[in-house]
Amino acid sequence: MTADRPEPLLSLRGVRKSFGSGPPGSPSRTLVLDGVDLDVAAGSCVVVVGSSGSGKSTLLRVVDLLEEVDDGQVLLDGEDVADPWVDADAVRARLAMVFQQYNLFPHLRVLDNVTLAPRVVHGVRRRDAEDAGMAMLERVGLADRARAYPDQLSGGQQQRAAIARALVNGPELLLLDEVTSALDPELVGEVLDLLLSLRTEGVAGRATTMLVATHEMAFAREVADEVVFLHAGRVHERGTPEQVLGDPRQERTREFLRRLR
Amino acid sequence: MTGDGTWVPSERARARSTFRRAQRRRATLVAGVATAVVLAAVVYVVTTAPGWERAREAFFSPERAWEVLPDVAAGLWLNLRVWVVASVVGLVVGMLLAVVRTSRIAALFPLRMLALVYVDVFRGVPLLLVLLLVGFGLPALRLPWLPVSAAFLGGLSIVVCYTAYLAEIFRAGIESVHPSQVAAARSLGLSRGQAVRRVVLPQAVRNVAAPVASMLVSLQKDSGLISILGAVDAIRAAQIATTGDYNFTPYVVAGVLFLLVSIPLTRLVDAWSARQGWRRELHGVAGAGVVR
């Protein structure tokens, strides 16, 4: 990371989030994010690692405005989108999220899953949306399954379809929430290969900006510009993948990595 | 990690809370104004109708209402008794029928066919028709052991029809339980019957608690149909009261009494199922937290 790094696309500042009953701050609530700072520069890839329950998913959901924060800032291009007076739908339309469980719409064919948001949210005509959708399915290697229903696809195919659905709107930031955790081991590769190619070749000549929560350390090593280690809702260590995963400074990070082996 | 009592909200967090509170206040205000406008419109249309004066006298006479209240209320007591008995019998027999229909035991095949025919017939025939056929057909057989009171025959007809409806709802509930649940139960060594009783049925009942409850509310109101056989329930009592003077207020009284039972009943069922967590569990479901 150099000093001439551009103004980050996404910045989290002191993000705090708790779940449970009672108002924020009451002792009955569980604190999930405890003052998280994080930057994602346009065109870069930041990978968040940490054990289950460390707050990775919540972090991504906070960015996508699927969760209300207790405190702190979520700055997208310098605008604090965590403020409730900001149009959340407009913000979400600029982002895209891929979920662990794919969350394809089971009643729609693959192509219709991909074209739904362009048609309904962005007002693209059906013909144009389907052309763009087919191009995107081509990109993820699923053009021949465009007319199939999600339950006719393998898990890896479903997840690639979900990635095509997320990318078709040309999101400024792609949020990936443990996208390989629900897949059979032999299907993980095809999804990771696709994500890797989104970094190296990009979409329409532009490398996709990503914020990734994952358990795949090999993948993190390969694609990450920065690795962030989250533990109990706090960032304990951050740096290049070589440093954080290869030569961690914090005992907690070392312990986490030891347990993965 | 719990117990974060040391946190003090930032200026920013307080501004956001203030904004959200203001928005909630605004939503309440909008709801209030919208309600007032609709109510005013309804009152205006009704009270300015050309026939309003006469209609008010014929349908909403307070004196007449007070006069007939004891008779109609006494009739409602019959409705409530029919409702309770029909509910209990319908729930038990309906559940049995559903279990029989979904069972795969070979020896139960004849019973399965019988249940199928029964449900097909009584779900497809209008309740009114069943009432007429049972009410006038069964007494014609002159069976010495069969009670022939209108209340009994009317109640029987309702039981027969609602058992069929409830059986179908329970069957849908049983089929909504994922087969892997049975696999898990059987792998633990539970027998087929134990798996059904301990694992499938509890989940099935939860899944259909809402439609079953709405069926029971609907049964309470349909218990008024026994009046066509001459049983003196709330509706029949009201009808008797209108014959002298063509004042229809007793019908309105009967309607209000039915509502006084069914509305609290519906709310009670809602509250109960919410407390049991019998609605779809949203906690921890991705997307459930979408707020704006």
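**View 1. Domain separation in chain B.** The centres of domain 1 and domain 2 of chain B, taken over C-alpha atoms, are separated by 35 Å. Domain 1 spans 23-59 and domain 2 spans 62-275, with bounds from an automatic or database domain assignment. The model is predicted: local features need pLDDT of at least 70, side-chain atom pairs count only at pLDDT 80 or more, and totals for chains, interfaces and linings use all residues. Residues are numbered from 1 along each chain as its sequence is written, while chains are lettered from A and ligands numbered from 1 in the order in which they are written.

**View 2. Packing of helix 8 and helix 10 in chain B.** The axes of helix 8 (residues 192-222) and helix 10 of chain B come within 10 Å and cross at roughly 170°; axes are lines fitted to C-alpha atoms over the stretch in contact, with angles from 0 to 180 degrees between N-to-C directions. The two helices of chain B are therefore roughly antiparallel (angles over 145 degrees). Among the residues that meet are B:A213 and B:V217 in helix 8 and B:L265 and B:V269 in helix 10, contact requiring C-beta atoms, placed from the backbone, within 7 Å.

**View 3. Tyrosine A:Y102 with positive phi.** A:Y102, a residue other than glycine, has a phi near 65°. The loop that holds A:Y102 lies between strand 6 (95-98) and helix 3 (110-120) of chain A; helices (H or I, at least four residues) and strands (E, at least two) are DSSP runs, numbered from the N terminus. A:Y102 is buried, with 22 other C-beta atoms within 10 Å (buried: 20 or more within 10 Å of its own; exposed: 12 or fewer; C-beta atoms placed from the backbone).

Conventions:
Parallel < 35°, antiparallel > 145°, perpendicular 65-115°, else oblique. Contact = placed C-beta atoms within 7 Å.
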